[in-house]
Amino acid sequence: MERDGKIRVRFAPSPTGHLHVGGARTALFNWLFARHAGGTFILRIEDTDRSRSTEEYEASIHDAMRWLGLDWDEGPEVGGPHGPYRQTERTDLYRAAANRLLEEGKAYRCTCTSEELEARRKEAEARKVPFRYDGRCRNKGEVPGRPFALRLRIPDEGTVAVDDVLRGRVEFPNRDLDDWIVLRSDGTPTYNFCVVVDDVEMRISHVIRGDDHLSNTPKQVHLFHAFGHPLPFFAHVPMILGADRTRLSKRHASTAVVAYRDEGYLPEAMVNYFVRLSWSAGDQELFTLQELVSKFTLEAVGKSAAVFNPEK
């Protein structure tokens with residue numbers, strides 16, 4: 001399960017809140033997978049949501065990861081401790097990649113205004129059908145003087161397939177997708193676009209993330225194809241639920257890792273508990289970190305949602 005013989009994985013949190021339980025488990029699975037294979041673990045801060053991202057939350061994420069012992073291997077700094085990659089520092093890279101798609105005819109200018117799109121969305125709601133951009137700007141060409149977004153051309157027919165390490169082959173009809181925006185009219189890149197550009201540029205071999213991201217994957221697969229880049233291996237790990245089998249939230253327990261640190265929990269206990277959420281190695285319950293590194297494989301991660309029990 002290697003590409004070019006090198007394992008490279010990334011954990012990519014958004015600094016719009018503290019590192020939560022689900023994110024910590026995802027980071028741990030990525031870290032263990034990299035350490036087991038002698039690969040590279042990258043921390044990438046996805047901070048393009050400037051209205052909600054803060055330096056304080058980013059610092060909290062760093063603190064939580066260091067407390068858990070999850071160190072990362074590379075970053076933009078040279079000659080000192082590696083900082084993480086930050087998407088806001090990579091804007092020129094995203095714009096260059098978008099312009100390449102435009103020049104190659106894989107993306108096109110869309111001059112539809114937000115008001116026009118909203119009117120069509122309401123019309124679709126009135127007809128009780130899903131809103132899907134109709135591609136009316138696909139062959140329009142440039143309209144001088146009008147601002148434009150860039151949209152990726154998606155095939156009208158056929159399917160896009162995701163071969164998931166945990167779930168097997170999952171197919172999505174292209175008719176359910178639309179020509180999604182890669183670059184907004186103000187020049188800012190969109191989330192799904194940044195993710196793929198970064199994964200390509202960072203040579204990510206495996207994308208290990210929560211299964212709430214599975215719905216984004218067909219869009220991203222089309223973009224990998226547009227760049228002519230081989231797909232990484234995908235592994236969408238199951239959700240973490242509360243005792244009532246609903247998505248874990250603050251009503252079940254504290255979801256911030258730093259809260260458990262402040263309450264006096266040991267990092268070794270947290271790591272041991274997090275890894276046991278959807279992963280197992282026989283009947284063994286307690287592991288040292290080195291034992292986890294030696295035993296961890298993606299194939300041993302279960303498919304069913306895990307239940308978080310603060311008392312345990």
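Me: Happy to start with a helix pair: at what angle do helix H3 and helix H6 pack?
Reply: Good place to begin, and please keep in mind that this is a predicted model. Helix H3 covers residues 91-103 and helix H6 covers residues 217-227. Their axes lie 11 Å apart. Angles of 65 to 115 degrees count as roughly perpendicular, and H3 and H6 are therefore roughly perpendicular to each other. The packing angle is about 75°.

Me: Thanks! What is the class make-up of the residues in the contact of H3 with H6?
Reply: From H3, the contact uses Ala97, Arg100 and Leu101. H6 brings Leu223, Ala226 and Phe227 to it. Sorted by class, these residues are five nonpolar, no polar and one charged.

Me: Which residues of H8 does H1 meet?
Reply: The axes of H1 (residues 21-37) and H8 come within 9 Å and cross at roughly 85°, so H1 is roughly perpendicular to H8. By class, their contact has eight nonpolar, no polar and one charged residues. On the H1 side are Val21, Ala24, Arg25, Leu28, Phe29 and Leu32. Their partners in H8 are Val271, Phe274 and Val275.

Me: Which backbone oxygen does the side chain of Gln284 reach?
Reply: Leaving aside residues up to four places away in sequence, Gln284 touches Arg276, Glu291 and Lys295. The side chain of Gln284 also reaches a backbone oxygen at 2.9 Å. That oxygen belongs to Leu286.

Me: Stepping back, what is the radius of gyration of the protein?
Reply: The protein has nine helices and 12 strands. For 312 residues the globule rule gives 20 Å, and the protein comes close to this, so it is as compact as a globular protein of that length. Its C-alpha trace spans about 65 × 50 × 35 Å along the principal axes. The radius of gyration is 21 Å.

Me: And what share of the residues of the protein count as buried?
Reply: Let's look at contacts too: among those between residues at least 6 apart in sequence, 74% join residues at least 24 apart. Buried means under 20% relative accessible area. Of the 312 residues, the share that counts as buried is 49%.

Key. Residues numbered from 1 in each chain as written. Predicted model: local features only at pLDDT ≥ 70, side-chain atom pairs only at ≥ 80, totals over all residues. Heavy atoms only, no water. Axes fitted to C-alpha atoms, helices over the stretch in contact; angles between N-to-C directions. Helix = DSSP H or I, 4+ residues; strand = E, 2+ residues; numbered from the N terminus. Parallel < 35°, antiparallel > 145°, perpendicular 65-115°, else oblique. Contact = heavy atoms within 4.5 Å. Nonpolar A, V, L, I, M, F, W, Y, C, P; charged D, E, K, R; others polar. Polar contact = N/O pair within 3.5 Å; in protein donor to acceptor, adjacent residues only side chain to side chain. Rg over C-alpha atoms; globule rule 2.2 N^0.38 Å. Buried < 20%, exposed > 50% of the residue type's maximum accessible area, 1.4 Å probe, protein only.
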